Amino acid sequence: MSESAVLQESTTLSLRVLARLLDYPSAELQDAAPEMSEIIAEEKRLAPELRGRLMSWCQRLIKADLLDQQAEYVALFDRGKATSLLLFEHVHGESRDRGQAMVDLLAEYEAAGFVLNARELPDYLPLFLEYLSTQSEEQVGRWLGEIRHILALLAARLEERSADHALVPTALLGLIGAEDDIQVHRPKVKDEEPDHTAEALDAVWEEEVVRFSAQSDEDCALQSAEGRRLAERKHEVASDPVRIMPAPNATSTAIER
């Protein structure tokens with residue numbers, strides 16, 4: 001097997017492991033944890049310290065009580081939106097721009113022959129990682145470069161909650177050598193008002209208003225800036241290179257966004 005094929009297989013497996021680590025805890029996930037740990041151990045593009053933390057997390061998944069893990073997962077991802085695993089929620093919230101961005105992302109999936117068979121929105125991060133695991137190293141680098149700002153913010157917020165899950169966006173940033181992006185968000189995140197407390201959730205229920213009218217037909221038809229950028233990314237020439245980091249003693253070509 002050629003060096004490029006070996007790297008491609010490593011990327012595929014690593015992305016699938018990272019996707020599974022964001023899944024709702026289950027007995028199947030616990031059973032798969034030893035194999036996931038072995039795959040992480042072989043991902044030499046991640047720093048040894050980060051690999052060690054990911055492997056330790058896998059060991060905790062095996063040993064921890066499943067019901068406790070499930071309760072922690074619900075508290076982390078189902079209460080409040082700051083740590084949402086829906087990528088465009090961090091950019092567009094509930095605006096119609098988010099809907100258009102998801103339409104554009106779904107079109108990307110379909111163009112690549114990636115058919116959704118789950119009841120998840122297209123921007124659900126574990127699903128997105130499954131899609132990336134089917135793509136070339138070049139495409140993985142492009143996509144991770146597109147969402148690096150979202151991954152860095154999510155990592156900072158999960159760190160603030162002392163959640164092991166922060167290791168997933170950190171590792172994704174590590175694949176493109178962008179772990180330092182997280183530091184930009186840490187001071188801001190420390191000052192954010194928590195949105196997962198009982199008081200914050202009650203306030204959301206009291207204040208939320210669902211709007212069904214648009215100001216104009218033209219407004220409804222507008223594509224979001226995020227959606228346009230994602231749809232056009234194959235034709236862009238960016239000034240900054242984004243790369244999947246090479247393993248030690250391996251060569252990797254810079255990938256233009």
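Hi everyone, a word on the ground rules. This is a predicted model, so to speak of local features we need pLDDT of at least 70, side-chain atom pairs count only at pLDDT 80 or more, and totals for chains, interfaces and linings use all residues. Residues are numbered from 1 along each chain as its sequence is written, and side-chain values use heavy atoms, with hydrogens and water left out.

Let's start with the whole protein. There are 14 helices and two strands; these are DSSP runs numbered from the N terminus, with helices being H or I of at least four residues and strands E of at least two. The protein has 257 residues, and 44% of them count as buried. Buried means under 20% relative accessible area, exposed means over 50%, and partly exposed is in between, with a 1.4 Å probe and protein chains only. As for contacts, meaning heavy atoms within 4.5 Å, 67% of those between residues at least 6 apart in sequence join residues at least 24 apart.

Now the core. A nonpolar core here is a set of buried Ala, Val, Leu, Ile, Met, Phe, Trp, Tyr and Cys residues joined through side-chain atoms within 4.5 Å. The largest one has 60 residues, and those touching the most other members are Leu21, Leu54, Leu125, Phe128, Leu129, Leu132 and Leu144. Helix α9 gives the most to this core, with eight residues. If we set aside neighbours within four places in sequence, Leu132 is in contact with Leu15, Val140, Trp143 and Leu144.

Which residues bring α9 and α10 together? On the α9 side they are Arg148, Leu151, Ala152, Leu154, Ala155, Leu158 and Glu159, and on the α10 side Pro169, Thr170, Leu172 and Leu173. The axes of α9 and α10 are 8 Å apart, at an angle of about 145 degrees. Axes are lines fitted to C-alpha atoms, for helices over the stretch in contact, and angles run from 0 to 180 degrees between N-to-C directions.

Helix α3, residues 48–63, also packs on α10 at about 145 degrees, with the axes 11 Å apart. There, Leu50, Arg53, Leu54 and Trp57 of α3 meet Leu167, Val168, Thr170 and Ala171 of α10.

Between α9 and α10 there is a loop, and Ser162 lies in it. Its phi is near 55 degrees, a positive value in a residue other than glycine. Ser162 is exposed, with a relative accessible area of 69%.

Next, helix α11, residues 181–190, where Ile182, His185 and Val189 are buried. Seen down the axis, the buried residues of α11 fall within an arc of 70 degrees, so they line one face of the helix; that arc is taken from the directions from the helix axis to the C-beta atoms. Their cover includes α9 and α10. His185 has 15% relative accessibility, and beyond four places in sequence it touches His149, Ala152, Leu153 and Ala156.

Leaving out neighbours within four places, the contacts of Leu22 include Tyr73, Leu85, Tyr124, His165 and Val168.
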